[in-house]
Amino acid sequence: MTVRDALNSALDEEMSADPKVFLMGEEVGEYQGAYKISKGLLEKYGPERVLDTPITEAGFTGIGVGAAYYGLRPIVEFMTFNFSMQAIDHIINSAAKSNYMSAGQISVPIVFRGPNGAAAGVGAQHSQCYAAWYATCPGLKVLCPYSSEDARGLLKAAIRDPDPVVFLENELLYGESFPVSAESLDSSFCLPIGKAKIEREGKDVTITAFSKMVGYALKAAEILAKEGISAEVINLRSIRPLDRSTINASVRKTNRLITVEEGFPQHGVGAEICTSVIEESFGYLDAPVERIAGADVPMPYAANLERMAVPQVEDIVRAAKRACYRSVPLAAAA
Amino acid sequence: MSFTSTTKFVQPLPLNTTSARSNDHKPFLDPFKPTSFFGSTNKLRFTSLAKSHQANLHRRSAVVAVSEVVKEKKPKSSTNLLITKDEGLVLYEDMILGRAFEDMCAQMYYRGKMFGFVHLYNGQEAVSTGFIKLLKKEDSVVSTYRDHVHALSKGVPARAVMSELFGKTTGCCRGQGGSMHMFSKEHNVLGGFAFIGEGIPVATGAAFTSKYRREVLQEADCDHVTVAFFGDGTCNNGQFFECLNMAALWKLPIVFVVENNLWAIGMSHLRATSDPEIWKKGPAFGMPGVHVDGMDVLKVRDVAKEAIGRARRGEGPTLVECETYRFRGHSLADPDELRDPAEKARYAARDPVTALKKYMIENNLSSEAELKAIEKKIDEVVEEAVEFADESPHPGRSQLLENVFADPKGFGIGPDGRYRCEDPKFTEGTAHV
């Protein structure tokens with residue numbers, strides 16, 4: 001099952017289960033979604049529940065939030081999350097803070113979803129990861145699916161959730177196929193929000209990643225395995241709330257940590273994970289934490305520069321080796 | 001309702017014989033008669049809403065009067081032509097350049113020489129040429145993601161634009177911008193902006209600067225004008241309205257040019273906009289609003305002349321709606337399945353390049369051979385641009401870390417206590433920043 005089909009089926013099932021759920025955004029209806037995630041939904045649910053909006057992020061996001069205040073369960077699609085910058089006021093101020101400000105009277109069950117992170121060759125304004133941005137904000141939940149199972153289970157959970165959820169997909173994963181269990185195809189299937197998944201068990205080094213980077217981390221783990229390093233790969237799934245206990249438990253086992261993300265390094269997801277590990281498992285660390293992130297520059301257009309600006313499998317392999325090899329003499333000394 | 005005397009649409013010029021709008025008696029102000037508006041055959045879902053509302057119809061503006069002048073200038077004799085031969089040749093060359101360049105982009109995209117989103121301008125050349133060829137070098141242009149041709153019209157060399165698209169270091173932004181982000185300080189191309197409406201405030205700021213320089217910095221001769229290009233889809237965006245307001249309020253030297261090609265990717269203008277006549281939003285903000293046939297470079301040019309003149313004279317902004325059409329999909333990745341083939345064919349028959357050629361020849365402004373020579377010359381320019389781009393080097397590794405700040409010290413201080421830019425690895429592009 002492709003990630004695209006997983007997302008499409010999750011939308012379809014949740015719209016079918018709850019008539020309060022509706023989808024709005026640019027090109028979600030007649031065009032069938034800019035990336036065809038909403039394919040067939042207009043036909044099935046009609047233009048009242050699959051709303052083509054004009055190109056007015058601030059306007060239609062605000063309308064969605066207002067609808068959530070008043071009892072509906074909107075799904076707002078951003079053609080890419082880069083465009084959510086034009087509507088961030090509604091996501092942060094209107095959606096995330098209302099429950100708190102109203103002392104629990106106004107909940108905002110809304111999902112903001114769309115592709116996030118670097119695509120290919122689309123330049124600085126279309127290639128940015130917003131995981132850390134939204135994850136910094138109290139009142140929001142931030143999910144980043146990797147596989148088809150993630151996409152289905154997390155999107156269904158997000159739609160059913162009573163709080164605003166920022167759901168960060170990845171354009172380059174839409175067409176990728178993953179095996180799915182029979183269980184995850186059940187219409188009642190849901191994944192817990194705030195729980196990471198150990199994609200691959202290991203004992204020498206922990207690698208945390210989310211979205212597309214999980215795939216890279218798994219590839220790196222394979223390479224490392226051939227060189228005798230056993231890497232444990234954690235698919236974070238949820239950036240906020242962050243599954244600190246899974247991460248720390250893993251680090252206490254492997255004693256080494258590599259964090260991987262496509263976003264900018266400063267104040268990134270990796271920074272938060274490092275802090276958590278330093279705070280909670282400092283005594284268990286046998287090597288400095290390695291943090292792999294996108295280059296601290298706006299995304300360049302030229303393909304060769306672009307490749308240098310995002311983490312690659314080799315970067316992960318190198319960092320893991322550094323963490324391990326460096327620890328050998330230290331361990332010997334101890 | 002008597003529209004014959006007030007319609008923005010003047011008598012079509014001879015070059016425009018197949019115009020869908022050639023029927024001047026057809027009232028096109030009723031937004032709920034979709035088939036009568038523009039050439040779009042898209043059907044509105046709602047059939048019975050409000051009655052027509054032409055409150056602004058009588059608030060005619062100075063610029064509108066200019067359109068009437070165009071009507072009177074109906075060129076029947078060679079002594080009453082809309083352009084001189086030289087002007088005509090300049091316009092023709094610019095339009096051919098725009099067309100040939102974009103056609104080449106499509107080829108190069110499919111050959112994998114350029115990547116990402118590439119939005120081509122085919123069909124809309126009369127707008128870029130009609131406006132920009134009236135500008136001075138100091139005047140500025142702000143564009144959208146469909147920006148190659150605006151840059152070309154403004155004088156950015158084809159090779160620099162092509163090279164940019166190839167992601168090469170000789171590109172106008174050294175391969176750091178890409179298709180949607182063309183900038184040229186030298187030519188005052190203030191950027192292609194990839195978000196809808198995003199460029200409008202930037203353009204308004206540029207116009208503000210001209211006024212500021214004149215009035216605050218006492219540069220009396222600063223009469224620079226800014227032209228902001230954007231599409232019909234943008235006119236539903238708040239930034240558009242915010243900037244119309246401020247530009248009128250402060251009488252800024254700006255022309256808001258709507259390239260209404262009737263489609264925002266797959267969203268028909270008629271499905272997106274409560275009152276599809278965009279030009280009417282000008283008077284609502286206290287500035288003239290003009291509607292012009294954007295498939296006719298001479299009509300565009302006439303309206304542009306007056307609007308730019310107004311701005312230059314310090315009389316404030318103008319909103320110009322150019323009815324045009326893109327001959328290709330939204331981008332090269334768009335399967336373009338929603339637009340009616342009949343609608344496409346109708347606009348294809350009104351190709352602005354062919355129309356100008358016809359006008360030039362019929363009015364003895366140019367010979368077939370002369371125009372052919374221009375086409376040949378442009379073909380060579382575009383070929384040369386491709387060769388240049390192809391042979392140009394990829395950006396060096398060091399470029400990755402350059403230009404983030406004008407001052408390299410913006411990268412801050414490294415763990416060794418020194419500025420990161422002083423680290424030799426910084427210029428090698430291998431520093432950890």
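The following dialogue takes up a predicted model and sets some of its computed values against their definitions.

Trainee: What should I keep in mind about numbering and confidence?

Mentor: Residues are numbered from 1 along each chain as its sequence is written, and chains are lettered from A in the order in which they are written. This is a predicted model in which local features need pLDDT of at least 70 and side-chain atom pairs count only at pLDDT 80 or more, while totals for chains, interfaces and linings use all residues, and side-chain values use heavy atoms, with hydrogens and water left out.

Trainee: Why is B:Ile265 called buried?

Mentor: Buried means under 20% relative accessible area, exposed over 50%, and partly exposed in between, with a 1.4 Å probe and protein chains only. B:Ile265 has a relative accessible area of 17%, so it is buried. B:Ile265 is found in the loop between strand E5 (263–264) and strand E6 (267–268) of chain B, where helices (H or I, at least four residues) and strands (E, at least two) are DSSP runs numbered from the N terminus. B:Ile265 also has a positive phi of about 50 degrees although it is not a glycine.

Trainee: What makes A:Gln32 partly exposed?

Mentor: The relative accessible area of A:Gln32 is 23%, and therefore A:Gln32 is partly exposed. A:Gln32 lies in the loop between strand E1 (21–25) and helix H2 (41–45) of chain A, and its phi is near 70 degrees, a positive value in a residue other than glycine.

Trainee: How do you know that the reach of helix H2 of chain B is close to the expected value?

Mentor: The expected span of a helix is 1.5 Å times one less than its number of residues. Helix H2 (residues 85–110) of chain B has 26 residues and reaches 38 Å from its first C-alpha to its last, close to the 38 Å expected. H2(B) is followed by B:Gly112, whose phi is positive, near 80 degrees.

Trainee: What makes strand E2 and strand E7 of chain B edge strands?

Mentor: Two strands pair if DSSP finds at least two bridges between them. In chain B, six strands form an open sheet with parallel pairing, in the order E2-E1-E3-E4-E8-E7. Strand E2 (189–192) and strand E7 (289–293) each pair on one side only, and they are the edge strands.

Trainee: How do you know that strand E4 and strand E8 of chain B pair?

Mentor: Strand E4 (residues 254–260) and strand E8 (residues 318–323) of chain B are joined in the parallel sense over six bridges, and the definition asks for at least two. The bridge partner of B:Glu259 in E8(B) is B:Cys322.
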